[in-house]
Amino acid sequence: MTPNYQIGQPVRRPEDERLLSGKGRYTDDVNEPRQAYAWIVRSPHAHGVLKSIGMEAARRMPGVLAIYTARDLAAYGPHKCALDFKMRDGTPMKRPVRKALAEGKVRYVGDPVACVIAETAVQAKDAAEAVELEIDALPAVALASEAAKPGAPQLYDDVPGNVQLDFLWGEPAKVAEAFRNAFHTTKLTLRNTRVIVAAMEPRSAVCKYEGERFTLTCQGQGVFAQKNQLAEILGVKPESVRVVTPNVGGSFGMKGSIYPEYVCLAHAARELKRPVKWTDERSGSFLSDQHGRDHEMTVELALDKDAKFLALRVTGYGNVGAWVGTVAPQPPTMNAVRNVCGVYKIPLLEVSTKAMLTNTTPVSAYRGAGRPEANYYMERLCDEAAREMGIDRFEIRRRNHLKPAEIPYKNAAQMTVDSGDFGAIFEEALKFTEGYEKRKAESKARGRLRGLGVGSYMEVTAPPNKEMGGIVFEGDKSITMVSGTLDYGQGHAAPFAQVLASRLGLPFEKIKLVQGDSDQIVFGAGTGGSRSAMMGGGALAEASKLVIDKGREAAAEALEAAAADIEFADGKFRIAGTDRAIGILELAQKYPGRLDVRHVTEVIPSAFPNGCHVCEVEIDPETGKVEVVRYSSVNDFGTVLNPLMVEGQVHGGVVQGIGQCLMESARYDDEGQLLTGSFMDYALPRAEDIKASIDWQSHPVPATTNPLGAKGSGEAGCAGSMTSVMNAIVDALRPLGIHHFDMPASPERVWKAINSGRRP
């Protein structure tokens, strides 16, 4: 049977055989002639005055070519946050200057201080260990809430109280009035743990300088943005920088920007007139890669006598670490605003949060970047409010769902929800709970505690933006798609090719994708925020229409007919009412370049993927071990381009959420030392930890905001699993008098809670 490559069909990723057989090309596989190697000298202290850097012994070591410090890089600009928030008083947010190498002070363990260049990687590392740092240690602070206290260590002189952004959204006076007049209020204090991103492929980069032009090969999430970031830091024109990204072994937000190491490589390549390469080790990545999450929030819900939601208030802290990453303040502030209302009607909203600087590894986007956290806050409130008011936890959700008849609906976050069927999805998901009481009794008979958790979610995808969709017909009858998105593991080639196969009737096997070369991209917003299908796919859908328009004119010439009489269907241009036709590939060969399109869309608005996850856990009270034993979800991703790949995205996101709920937590001691600095101390979920089948169903309601009707699926698994898993754990513990439990639900922490909960 001929495979069906149309939109909506489960098509396998064409790159999988190559990647799984070890034939992929990752950054560390890239080697340039005469390349030297770099190693970074990092601070062993979390906070301190950098008195001196002793380099004489290191310079004399074999193979050493150069050692650079902040003085050598003084001409380069700082690393900047891409956002432009205002403080609650209207003044600009704080932008402490952060250059590639530390000068004057160090502010976290792993802070880059010097860069050693040598003939070999081993020589560079040996010499780096011989560099002597004289640092007068200062008191450190690792928790955002501690950094906000009077007398806390101050990281920057120009950031009073360590408050990088004092953020306020909403109408505090009206919210306060709603709480005063409410029939019932519920309040929870929640900790969303800090996580190590732990991508499969540690960061690596190679830079060369030829003809007054830098070429940086590195991992990323969009070469166009990285090119512009690096050019700005180096103080050169964008056309003087080329960024190339080969295969990428995972990112989840962490690899989305230019890091200090890349600036060091660019400087060294220009100074030494030879390429320079750097590849991190796993122990270094724990310190140098941006971390995720780390929020401390108090969330409050006001309800009337019928348990209808009146107002929602979120206050607390988000930890941005020692310097402000490209999008670092976004997750605990504006993304909390955009996502916390979820699938519910909430008339009033206040989000009053502070992004805090601490003596820790910088924190930035991580799969969902505030979306899973915000949905988690709301779903925990739903369960707790239902318990306190004596209402069924499912019923309280039903009473507050946004109804289809009310859509389009502008919510309290001023986001216009354009589509969705939240109540129907919820009821469909609840079918998975049938027989739960029997399963709970069976667990009890085996000495286990069983809990059921439900977690709805609705996410707002990446902010409105443009995107590139290029289509080039090559001389060998292949077709090249050019996209400003970037595949760092998702598998863009298949679904994007399905768009062209569906719209243009092109043969799937002849379509290839180019994303990772900034020289071929006229614009690119990159991959992130579940945007690729709707924006990258949407751009290619629009480009397809332009190809048809161009092809109609060309076909009119080839067939000697009027353009108005030319029809297009099934990959052929035909004179209407006749059998005279020419195939699109034949036409492209006849008129080389004439059908090619390099299209940039107008701004495509955000979309609202949503769904409901249902989880059941068992807890062994003797050991505290939590096991996810049943898992299912119903999701609305709008038009699904490739259900096979979407299922993989859901599975991966769910497991990441389970990992954070049950085991993942990056911890620092009082001196700012990372206690979980390796996989010996930091647990990731393994296959044996996920014994339950992760079932998923699709309930699509196409978006109205983009040409394909797609909504995005990349972050939804995290958003649903974080809510449902933690609600299930609390449900299992509730008979013991435990009504809240903060992640991670590790065996030790659960065992302690159970034993303390059993005592009067």
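Just after helix α10, G390 takes a positive phi of about 70°. Helices here are DSSP runs of H or I with at least four residues, strands are E runs of at least two, and both are numbered from the N terminus. Keep in mind that this is a predicted model, where local features need pLDDT of at least 70, side-chain atom pairs count only at pLDDT 80 or more, and totals for chains, interfaces and linings use all residues. Residues are numbered from 1 along each chain as its sequence is written, and side-chain values use heavy atoms, leaving out hydrogens and water.

Now step back into α10 itself, residues 371–389. Because 17 of the 19 residues are buried, α10 is largely enclosed by the rest of the structure. Buried means under 20% relative accessible area, with exposed over 50% and partly exposed in between (1.4 Å probe, protein chains only).

Next, find helix α18, residues 716–733. In α18, 18 of the 18 residues are buried, so this helix too is largely enclosed by the rest of the structure.

Finally, visit E296 in strand β13 (residues 292–303). E296 is buried yet has no salt bridge, meaning a side-chain nitrogen of Lys or Arg within 4 Å of a carboxyl oxygen of Asp or Glu. The nearest side chain of opposite charge, R191, is 4.9 Å away. What does the side chain of E296 reach at 3.4 Å? That is the backbone nitrogen of A144.

How values were computed
Lys and Arg count as positive and Asp and Glu as negative; His and the chain ends are not counted. A polar contact is a pair of N or O atoms within 3.5 Å; within protein, one must be able to donate a hydrogen and the other to accept it, and residues adjacent in sequence count only if both atoms are side-chain atoms. The expected span of a helix is 1.5 Å times one less than its number of residues.
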